[in-house]
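I am opening a notebook on a structure that is new to me, and I want to go through it one look-up at a time.

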Amino acid sequence: MVFSMAACGNKEEKKETTKAAGKETTKAAGTETTKAAEGSEGESKDSGKLIMATEAGFAPYEYTEDGETVMGVDVDIAQEIAKAMGKELEVQNMTFDGALLAVQQGKVDFAAAGISISPDREKQMDFSIEYTTSKQVVVVNKNANRVASVDDLTADTVVGVQTGTVADIYCQDDLGTKDLKQYGKFMEAAMDLKNDKIDCIIMDALPAEEMVKENDDLAVLDKEVFTDRYAIAVKKGNTELLEQINEVLQKLVDEGKVEEFIVNHTTK
């Protein structure tokens, strides 16, 4: 298991921004971060680029410091994959469930966004080998005292989750949450938690630690809810790309590079 704690790098990068074919692209350090314009298909072409879909609100795996350039553990991994394939990495930042849909529809080459492997997802897309495991934890408002322990979670607990995540599925299928609040981004959930509109948030441990660092009135409860596995997702049947990704991932895991990437993005 790869394990770590918190924040990010703060190195300034020179960026060049252009607009073409309905997309706005920011180029930095060999990576293009693209935000697809409304109505743009953004389909992957064999043009020397490797297109990654992600949701950049999940530090340390993917995040931005300037609102534009996506960085993080998954981007570092993706850069290594692109390098091994002799291609330029392009990152498309979108919602989490949008990233999963883009993979299924073949609009991007792969998705990397702290994606957990689950039986339902395996029916819709193919997954690489796992490159890290992660605990799902509970974030609470320290001043509200609504949830004191993970064991206090019931169907009546008002829980905030990111739409499409394993926490979302867990609340619906296992916890039977009656009042489930789904968010596109964790920062929206954090704001509602601070304003006492929800009882807690269930999310991945590393982004949770990042969240409480930025919000003194929030805290992570000690016990995890469950542990899941992260992998890269590709379109169902894309065996050739999956084999290339797995080869690079295995090498990075064996050499301890994934853990190194996590440390780089959780220390200043």
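Entry one, strand pairing. In which sense do S4 and strand S7 pair, and over how many bridges? Working from a predicted model, I found that S4 and S7 (residues 88-93) pair in the parallel sense, over 6 bridges. I then looked up threonine 54, and its bridge partner in S7 is asparagine 93. I also checked S4 against strand S8 (residues 110-116), and here 2 bridges join the two strands, which run parallel. In S8, phenylalanine 110 is the bridge partner of methionine 52. Turning to burial, I noted that 5 of the 6 residues of S4 are buried, so this strand is largely enclosed by the rest of the structure.

I looked for ring pairs and found that the structure holds 5 aromatic pairs. One of them joins phenylalanine 58 and phenylalanine 186, whose ring centres are 6.0 Å apart and whose planes stand at 25°, so I wrote the pair down as stacked, since planes under 30 degrees apart count as such. Phenylalanine 58 lies in the loop between strand S4 (49-54) and strand S5 (63-64), while phenylalanine 186 lies in helix H5 (residues 186-194), so the pair ties together parts that are 128 residues apart in sequence.

Tyrosine 61 lies in the loop between S4 and S5, and tyrosine 230 in strand S15 (residues 226-235), so the pair ties together parts that are 169 residues apart in sequence. Tyrosine 61 counts as buried at 1% relative accessibility, and for tyrosine 230 I also have 1%, which counts as buried.

I looked up helix H1 (residues 73-85), which has 13 residues and reaches 19 Å from its first C-alpha to its last, close to the 18 Å expected at 1.5 Å a residue. Which residues of H1 are buried? I listed Val73, Asp74, Val75, Ile77, Ala78, Ile81 and Ala82 as buried. I kept in mind that an α-helix has 3.6 residues a turn, so residues three or four places apart point the same way. Following H1, I came to glycine 86, whose phi is positive, near 70°.

Methods:
Residues numbered from 1 in each chain as written. Predicted model: local features only at pLDDT ≥ 70, side-chain atom pairs only at ≥ 80, totals over all residues. Heavy atoms only, no water. Helix = DSSP H or I, 4+ residues; strand = E, 2+ residues; numbered from the N terminus. Expected span 1.5 Å × (residues − 1). Buried < 20%, exposed > 50% of the residue type's maximum accessible area, 1.4 Å probe, protein only. Phe/Tyr/Trp six-rings, centres within 6.5 Å; stacked < 30°, edge-to-face > 60°. Pairing = 2+ DSSP bridges.
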